[in-house]
Amino acid sequence: MSHSQKGKVAAGGKGAAKAKKAAGGKKSENDREDTLQAVILADSFETRFNPFTLETPRCLLPLANTPLIEYTLEFLAMAGVADIFIYCGAHTSAVQSYILSSKWHPSTSAASPFNTLEIVKTTARSVGDALRDLDSRDMITGDFLLVHGDLVSNLPIDEALRNHRERRVKDKNAIMTMILRAGGLGEHRTKAKGITPVFVVDPGKNRCVHYEEMHPLQAHKYVDLDEELLKDHKDIEVRTDLIDCGIDICTPDVLALWAESFDYEVPRRHFLHGVLKDYELNGKTIHTEIVDDRYAARVFNLQSYDSVSKDVLGRWTYPLVPDSNLVAGQSYKFERGSLYKENDVMLARTCKAGKKTVLGKGTSVGAGSVVSNSIIGRDCQIGKNVTIKDAYIWDNVLIGDGSHVERAIIANEAVIGKSCKIQPGALISYKVGLSDNTEIRPNQRITRAKRKRDDDSETEDEVPSDPSIVGSSGHGYEFRDAEEFSDDEEAAFHSSLIYSTQHLNLSNASISTLSSSLSSADEPSGPRSRLSSFTSLSDDGDNEGFHHDAVQGILDTLHEHGDFDSAKLEFMGLRLSNDATDHQIRRAIAVAFSKHISQLVDGEQKTEASKAAASAFATGGAVPFLKNVALSTGTEEDAVDFLRCLQKDAVNRGSGPLVLAAVCQRLYEEEVVGEEAFLRWWEEAEGMGEDEDVEMKRVRAKTGVFVEWLREAESESESGSGSDEEESEEESEDE
Amino acid sequence: MPSLQAGYAPNLSFYLKSLKAQPVESSIENLISLLKRRQITNSRPCAVATAHLLLQVVAKFRWTNIDKLIKRIQDVGRRLIEAQPREMVVGNIVRRVLGMVRDEAKEDRNEDASDSASNSQSDRGASHSGGPPPTFSPLRFSTTDDSDSTEATGDDVFEGQSHGASRPPLITSHTSYAPAGGLPPQKSMFQLLSANPSPASTPPGAQSPQNTSNLNATSLAHRITTSTKDLKAEVIEGIEEIVDELDQADDRIAAQSLEYIHSNEVILTHSSSKSVQKFLLEAAKKRKFTVIIAESYPNDHEATHKSVTRSISTDAEGADELSTPKFSKSLSDAGITVILMTDATIFAIMSRVNKVILATHAVIANGGLIAAAGARIIAKAARVHRTPVIVVSGVYKLSPQYPFEFESLIEYGDPGNIVRYQDGALVENLEVDNPVYDYVPPDLVDLYITNIGAHAPSYLYRIVADHYKTEDINFDKPELQ
């Protein structure tokens, strides 16, 4: 029955692919040759698992002593997928050599259940790029499964697949089915913490009509629904309880849509949101398959690593549990109380290996040690009187006598000295050595990874060990990724093992949740720290994507001394596709300029603020760009708003006050902002008196001189300033 | 389930279809993965898959002497057992095949040494007299003669004869209905030692005439097509007989039902076992009785409900087990009064029950059994009320192993069947164990009904000895040998 469906599906396909697919359909009339294809996105294009992912790709990180991608491939094998494409970005060679030596590659292993398995290396820097690349390769011939390389699931997808096909036969515009796991309304460890995906679903048709993401620091907790939706659909469910496991059943049309919208980067917030919003335009519908039994979840950050590990040990993922010994050579046995032990584990008589614990082959635990709720890899040596609680310890780790490890992750070949204390949330990366009596503070991240010196040089430097952290004879230094400098809260959400909002300032409006190509390792610290601006500025949390992209675009132009005319086109495109407000545009531009200038000021050259500002404004077309885009209406309110954006952003910069003053001066000189606006902005700020934020006051202090000068100039020649303003307005209207 | 059939997910029928086309090595690995992923579960599917796989292994393996073949089978068997040690039938089937190969080899050598060709010829004649027309045997001999002449060495002639003589599996399969045909008494010894005693051989009359004629026809066909001198063919034939046995075990068990179920009795059973259902349906053809089914929540309750209520039409599509004949009536359709109840009420109802019939997952050599979770409570309650407990099981489920830790045989399944995963607080704070099986000690069981007759638990060791060679019992554990 599936053949005939497939034939029809193919006939419904679009243009070029039509003939090919129809042929494929015909071939399958005789025997069931219509195979299922799947695409695994093995690169996450994120840095949430740093410092571990500096050295290993996410999909090879061990979850319950089995690399993550094994779970994903088991899921696909269970579903009966025949052809697999694995998209890798960073660490392609590691993934490749792993797959080639595993049982999965059909050319090297008789055990492979797949007909073909192709590893595609891509230079893509986002999921969107990868899918656009996939589209251009023309490898996908029919419906395919799109999954991430960190999926753990035991769902049988046959039913979802059948429903998808039935819908497809009825309506060729039903291009995608998302499989979502119901997670209940209460607290749930596996539900995404922090950012809550909101799916608006028409339950009758299983159709997703709107998608948004909410985060706890968002000022308003509303989802904006188009009233048309309420007219068109009799029932609507707004669901925040769903665990998004990232399993999508896609038709080739999905790839075409990705290709058409070059600015989509992530599958949900960009693609899903965008396609649903453009329903009127393209008529494509996306459906949901909400399942409420079996298991499906992604390991998308360290907290979910923790929760999915617990689920695996609790056997929720059955049969994907350690004692199924999925990987060749494993020999786990299950003992009551969820103790999974491999052969050749040496336990001292007086040690206690408690519940929900995994012990890998060759591991020894010394006398008096207590291990509970922990996963310990192979060939680890745990000394005497060690306490290990809720911890994840990978392979070949040495832990000295009397140490205490709690809720931490310790990666391969790390050496922990005697009587060390590792506190909750600590991440200790590969080969780090800690000397005796070291204490690791909560959430500290220690690595030995080589670091790229600067964004422009490709050489990697060994970073000297930091004795204050790892002790006199230790190896390693504290890892801070770029965003750490500016206390990015996205990192706080995703890159710590323990979820907490305590240290976050909840009065702030909103934060960025975006983690895309920008975050790859060789980026300068610049684009990342810009995210900090969200913390203080944004009050429209739903459009972080726009802000992020916009700022990045302008920054690129400024960095490269490019031409603003082309930047403007791109910018306007972005604006339209995201439906950004004028305020957002101003904010993005303000942030980009102030960021660029402060980089110049704080950078190695130590440019003077005024010169830096001059050089920024000297970039081709910068001035008209500011006039036409940032202050398109030319009203005084807009100019004031723009200044306020600048001021707020400057708060986060080391040289903020200087930059603000320099930029104000330039704005005035280039006749972008009239003096009326300056004065009004200043008076409003002054008017706030005691209510004004101390930081804000500090930042604008330096600009005071300039404003004073303005006032004097105004009092000297009132008519002059008036004409100035008129001129600038006229100019902006001309263009 | 029909959904599985329509989709891509591999299962037993996909696997069996793929066997012929794939190279042996990938078939082995494939079965290992399917077992590990629990896409082939439960005794019969596992047994069927194992038997078919071994058939391919033997058929496609080039071997020069019998030891190599044994080693190869052991090797494959070890890997399969390692993949899923709790599906004990996998090991059972491997051991059965091993024992059968050893027998063939022994026969082979014996016949070489002693000139008993005439003896066996007369045996054959005797067995033929029961069923097939005697004209077949000249035909068969002529084929052997032909091949002998083509191969043209004196040794070969001898060997050909000896092979012809060493056909215990075939002969026994014929003798199963042969008592009427006057089987020579010395044959029974032969049967006892025979590696693959035909399921029907022991209980006379346990077989329906229909079955015998089928079996007869198929084995006859084998006999004509396969050259008798080929040891490989013998082995393959032996495995095919095991497959046949798997197919027919339930029918043979069901055929005995009238001896155990009487009119107006109240029978208590549990879970949705096909064997038990057939047993009951067979009895329902002649008698009226009441069946109380405990739903065996949470792992099997849906299937149990279905077995009570499903209509004929849906069942025709619901082909979940490939090689077993479809079973098209629900219990209530067959005129049985069916009462479905929760597992918790077992003890309360036990005083009114005349007999308890249990299905098994595996039977252990000591007479104990591994059965769906809940079986032990039922057996215990029955003991308190002195209600007889009858276990229905094919011989293929009888394992020669005697595990010292019964805990290790019990599989723990998906806790999601007990606690909904949506319930975050419970998931976080509870440890949920979902044992799929129970161990029922032998003293709680009164009688085993197998496809070769009914036995007391204490007698099972004897059946084990008949079916498995001692050297094969621990073949998967080199350290115990």
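Predicted model: local features only at pLDDT ≥ 70, side-chain atom pairs only at ≥ 80, totals over all residues.
Local features require pLDDT of at least 70, side-chain atom pairs count only at pLDDT 80 or more, and totals for chains, interfaces and linings use all residues. Residues are numbered from 1 along each chain as its sequence is written, and chains are lettered from A in the order in which they are written.

**Exercise 1.** Determine how the axes of H18(A) and H20(A) are oriented and which residues make the contact.

*Solution.* 
1. Helices are DSSP runs (H or I, at least four residues), numbered from the N terminus. Here they are H18 (residues 582-602) and H20 (residues 622-630) of chain A.
2. Axes are lines fitted to C-alpha atoms over the stretch in contact, with angles from 0 to 180 degrees between N-to-C directions. The two axes come within 10 Å and cross at roughly 155 degrees.
3. H18(A) is therefore roughly antiparallel to H20(A) (under 35 degrees is roughly parallel, over 145 roughly antiparallel, 65 to 115 roughly perpendicular, the rest oblique).
4. Contact requires C-beta atoms, placed from the backbone, within 7 Å. Ile585(A), Arg586(A) and Ile589(A) of H18(A) meet Leu626(A), Val629(A) and Ala630(A) of H20(A).

**Exercise 2.** Classify the crossing of H19(A) and H22(A) by angle and by hand.

*Solution.* 
1. The axes of H19 (residues 609-618) and H22 (residues 656-669) of chain A come within 8 Å and cross at roughly 50 degrees.
2. H19(A) and H22(A) are therefore oblique to each other.
3. Their crossing is right-handed (the near helix is turned clockwise from the far one by less than a right angle).

Technical notes: Helix = DSSP H or I, 4+ residues; strand = E, 2+ residues; numbered from the N terminus. Contact = placed C-beta atoms within 7 Å.
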